[in-house]
Amino acid sequence: MAIGGLNSSLGVDLVEIQKAKSFYKTHKHRLDSFFSPKEINFISGDDQSPIESLAMLLAAKEAVFKANNRGWMGPWGFKSIRMASKTKKNLIFESQTDLSSKNRLFQVSFIQDKEYVVAKCVGIC
Amino acid sequence: MNQDKNEITKIVKTIISQALKVEEKDIQTSSSLIKDLGAESIDFLDIVFRLEKAFKIKIPKGELFPEKILTDTRFVKDGRITPAGIEELKGKISGANWEEFSKNPLVANFGELFTVGMIVDYLSQKLAPVS
């Protein structure tokens, strides 16, 4: 899909907060195996609860995968997509290794209710 | 750690039952984690962590799931795994229905190949005594 001369791609994912809560409770001591220091800081930050932050990260990374048309990449695929920065409402991710879009940036916005976090991703070359 | 395949299978089914909230009786070695048991990406992470804890092992990148092949431009083109990529994957993963997958080898569909039995086979090899 081309917009204004740029190629962009879209990805959406949804994570159940209850699932993120169960994951956090069971594996919070292992999070640094799969998340960067910046992402660990985001999870433990003050903007929202660690569980909500974890759900946002998981949904965002999956949405980035989909925007990149990479499909399923396995657990270690999470590490290759890293949070670069955040704005007031959005998170920015970069692809660390990719077949055709090294250092491509992705902007992710969120919708959230009590049960789910939905991440919407736009990738721009 | 010496564990026979039956013992490993039992533990793996318990782990998958806990991670995916499915009954153990509904888990077969032929069950696809994604297609039959509804696993999502977070579940694969959860399962890997649980396997490492239960069997007291580390599962390095690329050993259980072939991420390196799926990000190699020799083996993936335009979202599809090339014939060379499928040959490479066959060497790493046994028991998959490669004939069926080869008809439409999308990277997006690759995860559906993963079965409970593949995890059991991987652990059986990893835990086998070194001769």
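**Salt bridges and polar contacts**

Between chain B and chain A of this predicted model there are 3 salt bridges, each a side-chain nitrogen of Lys or Arg within 4 Å of a carboxyl oxygen of Asp or Glu. The side chains of B:E52 and A:R30 form a salt bridge, with N to O at 2.7 Å.

Across the interface of chain B and chain A, 5 residue pairs are in polar contact, both residues at pLDDT 80 or more. A polar contact is a pair of N or O atoms within 3.5 Å; within protein, one must be able to donate a hydrogen and the other to accept it, and residues adjacent in sequence count only if both atoms are side-chain atoms.

**Interface area and make-up**

Chain B and chain A bury about 2400 Å² between them, 71% of it on carbon and sulfur atoms; this is the accessible area (1.4 Å probe) lost on being put together, summed over both. B:I42, B:L45 and B:F49 supply 29% of the area that chain B buries against chain A, more than any other three residues.

The contact (heavy atoms within 4.5 Å) involves 29 residues from chain B and 21 residues from chain A.

**Basis of the values**

Residues are numbered from 1 along each chain as its sequence is written, and chains are lettered from A and ligands numbered from 1 in the order in which they are written. Local features need pLDDT of at least 70, side-chain atom pairs count only at pLDDT 80 or more, and totals for chains, interfaces and linings use all residues, while side-chain values use heavy atoms, with hydrogens and water left out.

Key
Buried area = accessible area lost by both parts, 1.4 Å probe.
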